[in-house]
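Here are my notes on the model you sent. Please read them with the structure open.

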Amino acid sequence: MELDLAISPSGFVFDPRTGATFSANPAARLLLEGMQEGEGLAALVARLQAHFEVGEADDLERDVLEFLRVLQDETLVPAERELEG
Amino acid sequence: MARFTETVLVTGLNATDNPGPGVAVAQSLRDDPDFGGRIIGLAYDMLDPGHFLPDLFDASYLIPYPSGGREALFDRLAYIQEREHAGVLLPNLDSELPALMGQEAALGALGLRTFLPSRAQFDQRNKDRLGELRDKFGIPVPRSVNLVEVEGVYALHKLFPFPMVIKSPFYGATIVHNTDEAVHAFWSAAAQWGYPVIAQAYVEGEEVNVTALGDGRGGMVGAVAMKKMLLTDKGKGWAGVTIRDRGLLSLSEELLRVLSWRGPCEIEVRRDRQGAFHLLEINPRMPAWVDLCFGAGQNIPLATARLAAGEAVTSLPDYRVGAAFVRVSTNTLLTIEELETLSSAGERHGRRTS
């Protein structure tokens, strides 16, 4: 997944295409960094599990997909993009 | 490139909440180590803020309003040139250009050079003619119709849906949602600015802007794209950040090419939700945020001055994305004597250098 964002360690996110800025919490920053590295759904879930004490993978998958929809609503990710397993 | 040491005349010192670009132009020149000249401000009003920025301007003069005609302007320029011996004039307001375009000989007689579009180029980007760019060159311009009678307003809904935009050829635009609002906006625009009144299809999306400099032969010397982060109630940018979008810069390059644009300009574009661009306006001068271009790595005011002076400037370096500005509103305290000097003599002298 192509994600052209500047993400600082503090969670400040800048979209160089639109000029929009965002504040990402630690979990969101982790997911954004994973997406930038081209990770699919399973890898993103594993990334969350490795960094946080979190629950079942099924719930996490739903959360990651919901986060993807938020990014698409903000046009940070193209609407037609899907996460591969 | 050698240091630029010419004295430069800069207009548009009205750095108000609807700011002219002159102060930003002067700031870009003054802050660049490659600039070693003097900067002379030209203003229309005694209270234009640029008069009171002695760190930027070596002197400033009142000049007659464009409505006073070309002769009055050139008389005043002759007076100023006897004292300042400037080599370059950078006019920064749309309304000034008609008196200056095509006047190379008269300006040259005063020792002044400019880098301006031709009258034909200037007219081609008039708001009531932008549609020709779509029809002739395929530039994406929202559909529009020019109106000279109010009757036309009642048929607008057959051309494109509400909401739509009603605008004058010169300034201002109103989004209207029904025929009643459109009629009101029509009369308001006509009363303030005359005819034609332009009705344009509304494009939903976000506005982005580009400052570009054309070489007059179809080439683009430089361009910086910016997204406004904070707006005044007049829609003027109070803060902004440089952005990069290949499509936006390609559109800018294409515009300068088809117009063979000579000089600086500001290109106003709307990007819709699908990422497509729609050209809204081309302003024939630098914008009030042009110092952001310098901050991002492209000194478009200095490049314009160099081109005016006859230097070869082929292309500016790439710019930094994420450079930002915020306008700061502060009060400058004055004595009555400072106002008296400007009011009675119409000029102010002396730069503060420490």
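**Notes on the predicted model**

1. Aromatic pairs come first. Over all chains the count is six aromatic pairs. Rings of Phe, Tyr and Trp (its six-membered ring) pair if their centres lie within 6.5 Å; planes under 30 degrees apart count as stacked, over 60 as edge-to-face and the rest as tilted. Tyr44(B) and Tyr65(B) are stacked, because their ring centres lie 5.1 Å apart and their planes meet at 20°. Tyr44(B) sits in the loop between strand S2 (39-43) and strand S3 (59-62) of chain B, and Tyr65(B) in the loop between S3 and helix H2 (70-84) of chain B, so the pair ties together parts that are 21 residues apart in sequence. Helices (H or I, at least four residues) and strands (E, at least two) are DSSP runs, numbered from the N terminus.

2. A word on the basis. This is a predicted model, in which local features need pLDDT of at least 70 and side-chain atom pairs count only at pLDDT 80 or more, while totals for chains, interfaces and linings use all residues. Residues are numbered from 1 along each chain as its sequence is written, chains are lettered from A and ligands numbered from 1 in the order in which they are written, and side-chain values use heavy atoms, with hydrogens and water left out.

3. Domains of chain B. The assignment gives domain 1 (8-115 + 330-349), domain 2 (143-201) and domain 3 (204-326) of chain B. These bounds come from an automatic or database domain assignment. Between domain 1 of chain B and domain 3 of chain B, the C-alpha centres are 23 Å apart. Their contact (heavy atoms within 4.5 Å) involves 22 residues from domain 1 of chain B and 28 residues from domain 3 of chain B.

4. Area between these two domains. Domain 1 of chain B and domain 3 of chain B bury about 2100 Å², with 67% of it from carbon and sulfur atoms. Buried area is the accessible area (1.4 Å probe) that two parts lose on being put together, summed over both. On the side of domain 1 of chain B, Asp17(B), Ser28(B) and Phe115(B) lose the most area, together 32% of what that side buries.

5. Two salt bridges are counted between domain 1 of chain B and domain 3 of chain B. A salt bridge is a side-chain nitrogen of Lys or Arg within 4 Å of a carboxyl oxygen of Asp or Glu. Arg285(B) bridges to Asp94(B), with the closest N and O atoms 2.5 Å apart. Five residue pairs across the interface of domain 1 of chain B and domain 3 of chain B are in polar contact (both at pLDDT 80 or more). A polar contact is a pair of N or O atoms within 3.5 Å; within protein, one must be able to donate a hydrogen and the other to accept it, and residues adjacent in sequence count only if both atoms are side-chain atoms.

6. Chain A against chain B. Which numbers of residues do chain A and chain B give to the contact? Chain A gives eight residues and chain B gives 12 residues. The two chains bury about 700 Å² between them, 53% of it on carbon and sulfur atoms. Phe14(A), Arg17(A) and Thr18(A) supply 57% of the area that chain A buries against chain B, more than any other three residues.

7. Polar links between the chains. One salt bridge is counted between chain A and chain B. Asp245(B) and Arg17(A) meet in a salt bridge, at 3.9 Å from N to O. Three residue pairs across the interface of chain A and chain B are in polar contact (both at pLDDT 80 or more).

8. Salt bridges overall. The count over all chains is 27 salt bridges. One of them joins Glu33(A) and Arg29(A), at 3.1 Å from N to O. Both residues lie in helix H1 (residues 26-36) of chain A, four residues apart, about one turn of the helix.

9. Backbone points to check by eye. Phe162(B) and Pro163(B) are joined by a cis peptide bond, with omega about -5°. Pro163(B) lies in the loop between strand S5 (144-147) and strand S6 (164-167) of chain B. The peptide bond from Tyr195(B) to Pro196(B) is also cis, with omega near -5°. His85(B) is not a glycine, yet has a positive phi of about 55°. His85(B) is in the loop between H2 and S4 of chain B.
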